[in-house]
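Please open the model in your viewer and keep the sequence panel beside it.

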Amino acid sequence: MSTGLVITLVVVALLVVAVGYLWITYNSLVTLRVRVEEAWSDITVQLKRRADLIPALVETVKGYAAHEQGVFDSVTKARAETISAQSPAEASVAENHMQSALKSIFAIAEAYPQLQASQNFLQLQSELVDTENKVQAARRFYNGGVRELNTKIQVFPNNLLAGPFGFSQRDFFEVDDAVAIAEPPRIQF
């Protein structure tokens, strides 16, 4: 074989490897980005579900504790923040406010034994606990996807390709006050 042919074959092989690497890297980044977007969508669905349960829960509690208007106002405000959150940072702030408001609602419920015996309240409470569990699962899935995407973007040589192809790191869904949500709202029967 001639030297020119060997050099041509080596150059062609290197080009094939480089194009293959670009193709695989780009497709994996797209896959991770879509997975993160899907996970964020799951979070917003669960937050919306929880926000939809809140008015019914508030109305049920209002019937028993009409003089607790400040708590109802804070729950309504927290619900509005949750619905309007557009980013993980905004959702984190709204999550802190919602957890605080829900703790207040359940504290009121503890003061009214007849409310705790209400079938409607018990059903709403059960649905809310189920939704809280789904929110937590969706957050874990989202943060896992963000971790994978951010890692893929940061490792060499992917970091040389991610920026020019329009891939950027995502924010984790974190809460400002982790202690406030370390435990779900306490529910006693």
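Begin by colouring the chain by confidence: this is a predicted model, its pLDDT averages 80, and 83% of the residues score at least 70. Among the elements, helix 1 has the highest mean pLDDT, at 88, while helix 4, residues 113-116, has the lowest, at 65. Where pLDDT is low, the predicted coordinates should not be read in detail.

Next, select helix 1, which spans residues 3-62, and find tyrosine 26 within that helix. Tyrosine 26 is partly exposed, with a relative accessible area of 35%.

Now move to helix 5, residues 119-154, and select tyrosine 142. Is tyrosine 142 buried or exposed? Its relative accessible area is 3%, and because buried means under 20%, tyrosine 142 counts as buried. Leaving aside residues up to four places away in sequence, tyrosine 142 touches Val36, Ala39, Trp40, Ile43, Pro88, Arg170, Asp171, Phe172 and Phe173. If you draw a distance from the C-alpha atom of tyrosine 142 to that of aspartate 42, the separation is 8.3 Å, although the two residues lie 100 residues apart along the chain.

For the last stop, select helix 2, residues 69-84, where threonine 82 lies. Threonine 82 is buried, with a relative accessible area of 6%. Which residues does threonine 82 touch, not counting those up to four places away in sequence? Show Leu47, Arg50, Ala94 and Met98 around threonine 82 to see these contacts.

How values were computed
Residues are numbered from 1 along each chain as its sequence is written. This is a predicted model: local features need pLDDT of at least 70, side-chain atom pairs count only at pLDDT 80 or more; totals for chains, interfaces and linings use all residues. Side-chain values use heavy atoms; hydrogens and water are left out. Helices (H or I, at least four residues) and strands (E, at least two) are DSSP runs, numbered from the N terminus. Buried means under 20% relative accessible area, exposed over 50%, partly exposed in between (1.4 Å probe, protein chains only). Contact means heavy atoms within 4.5 Å. pLDDT is the predictor's confidence in each residue, from 0 to 100.
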